[in-house]
Amino acid sequence: MIRRLSLVAIAGALVAAPARSLTAQAFTTDDPVLQRIWTIGMDSSQTMRLSQVLFDSVGPRLTGTPNAKGANDWLVGLYKSWGVDAKNEQWGKWRSWRRGYSHIDLVAPRVRSLEGTMLGFSPGTGGKDLTAATVILPRFADSTEFVKWLPSARGKFVLVSAPQPTCRPRDDWQTNATPESKERMDTLRAQVTREWGGRNVRGTGYSLAIGTGELGLRLEQGGVAGVITSRPKDAWGTIEIFSTYNTKAPAIALSCEDYGLLFRLTDNHQGPKLRLNLDAQSLGDQPVFNTIASIRGSEKPDEYVVLSAHFDSWDGSSGATDNGTGTITMLEAMRILHEVYPHPKRTILVGHWLGEEEGLVGSRAFTEDHPEVVKGLQALFNQDNGTGRIVRMGGGGLVNAPDHIRGWLAKLPPSLQKQVEFPGPGFPSGGGSDDASFACYGAPAFGLGALGWDYFNYTWHTNRDTYDKIVFDDLKSNATLTAMLAYLASEDPATITRERVDLAALAAARATQAPPPANAAAGAGRGRGGPTTWPTCTKAPRTTEPRLK
Ligand SMILES: [Zn+2]
């Protein structure tokens, strides 16, 4: 509580902070609102200071955790300090858990502190050291053989992930290896992926899902001391960190290098012992919330412009680019809009959704709880693919959308017009981020696709998704762009109609087109790889939906 109040106080003080003397590129328009959005967004951006508080102090926002609720409360306090209406809206109850410290040490045959952390929702070690030998999950002919083997693993840490033959990224091999050695490495990697991946890991009959899945539960039932995993990315030092459904045997994720070390020591019978001291606490089921802020429309209050970005994150680091930067974009856009456009024609609403990583749950729940917003939606802008500048915008698969979007884009500063590609109606989002929760109703939901900045290999769901990765020039311009789009959509004299594109015909046409450029963004209507039938809406689970397979 004390921390929360002090954060609100810090954030509240931001408004009064002196403007930073960054100079916006010249932009002149006869629209005074656009002019002011540009000036405020580019010359006195708060993105850096808001990011510092959110990512360094508030921290990760794993759905269901007290940290996520603290973050919800921080947002509401911040909006209120700006004079914007905001509230936390409960959409269900989710399993809850507190992450404490993870101390992971190799203690034999030599001592080394290992780089790793608990998976989300892992049981801890009850404030004590848990020291045990390690064993590699063998390859089984079938699950019967696996079950027969289980007693021999009792009391041991089981290594269940693939031993990577190299922790160097592919582009390093591409640059430096001889062609023969690169080919050998590619073959080895493919072999390891085949042998350790999939739904039937090592012939056990079980999968690790995103974390430890059913296999973790079966190992726990067999009395193992813990489950040791590693999911390296194609990068230097990054691993994915998801969650476990284990309740007794802790599950940890190690870096590629340290997992490899432990694996080789075990494989070569060099007597490795691992010591875990993990602080964690299961908190049962707790209420979960979306944070919703709004500025009521003065002429058409029942029509909505929605700013959308999921607020939850995985918690291997601070979720700075997934989806902290989308969050800050919408938050800063609302700050600017409230300041320069306090009486919008249509209602402007921002949705900071939770449960996106669990399957777009918070936003789906919102559409069920607020059919009036889906019905009255003029435009939704969703951003969720990293810190880069927005370079592509989707049309949501609606025939009428380009007439409107092209009109809005034409009013933007020339630098932004040049930056944002808009290929036309495109496709409805079929999943991947929260615009899909609205698109399935045929509502105008548009993805704002960002430039990559190595998102997939370095920050997406990894241990390195931290403040330092944010590209503030891009973030500042994204918030400004989004505020302008929201203003223009709100002022648009006409409402976007809902005729849908012929997806089957589009798919046929797409087959004859060249693939999108390598730096094209995901998230913006999913590029050219859209669905061939209109996506259907599925009911949001209001309690934890385990992902075990
Ligand atoms: Zn995301």
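This is a predicted model: local features need pLDDT of at least 70, side-chain atom pairs count only at pLDDT 80 or more; totals for chains, interfaces and linings use all residues.

**Loops, metal and helices**

I started with Pro109, which sits in the loop between β1 (85–108) and β2 (112–113).

Next I looked for another cis bond, and found one joining Asp322 and Asn323, with omega at about 0°. Asn323 belongs to helix α10.

Which residues coordinate the zinc ion? I found His310 through NE2, and Asp322 and Asp384 each through OD, at 1.9 to 2.3 Å. I noted the donor spacing along the sequence as H-x11-D-x61-D. His310 lies in strand β9 (residues 300–310) and Asp322 in helix α10 (residues 320–340), so this pair ties together parts that are 12 residues apart in sequence.

His310 has 0% relative accessibility, so I logged it as buried. Asp322, at 3%, is buried as well.

Staying with α10, I checked how helix α3 (residues 47–58) passes it. Their axes come within 10 Å and cross at roughly 135°, which makes α3 oblique to α10. I wrote the crossing down as right-handed.

Then I turned to helix α4 (residues 66–82). Its 17 residues reach 25 Å from the first C-alpha to the last, close to the expected 24 Å. I found α4 mostly covered, with 12 of its 17 residues buried; among them are Asn72, Asp73, Trp74 and Tyr79. Just after α4, Gly83 takes a positive phi of about 85°.

Tyr79 came up again in the largest nonpolar core, which has 77 residues. Tyr79, Leu337, Phe381, Met393 and Trp408 touch the most other members. Helix α17 (residues 472–491) gives the most to this core, with 10 residues. I also noted a second, separate core of 49 residues, including Trp149 and Ile241.

Last, I went through positive phi values in residues other than glycine. Arg202 has phi near 55° and is found in the loop between α7 (179–196) and α8 (213–221). Its relative accessibility is 10%, so Arg202 counts as buried. Asp454 also has a positive phi, near 55°, and I placed Asp454 in the loop between β13 (445–450) and α16 (455–459).

Notes. Residues are numbered from 1 along each chain as its sequence is written. Side-chain values use heavy atoms; hydrogens and water are left out. A nonpolar core is a set of buried Ala, Val, Leu, Ile, Met, Phe, Trp, Tyr and Cys residues joined through side-chain atoms within 4.5 Å. Buried means under 20% relative accessible area, exposed over 50%, partly exposed in between (1.4 Å probe, protein chains only). Helices (H or I, at least four residues) and strands (E, at least two) are DSSP runs, numbered from the N terminus. Donors are N, O and S atoms within 2.8 Å of the metal (3.2 Å for Na, K and Ca); water is not among the atoms, so sites may look incomplete. The expected span of a helix is 1.5 Å times one less than its number of residues. Axes are lines fitted to C-alpha atoms, for helices over the stretch in contact, and angles run from 0 to 180 degrees between N-to-C directions. Angles under 35 degrees count as roughly parallel, over 145 as roughly antiparallel, 65 to 115 as roughly perpendicular and the rest as oblique. A crossing is left-handed if the near helix is turned anticlockwise from the far one by less than a right angle, and right-handed if clockwise.
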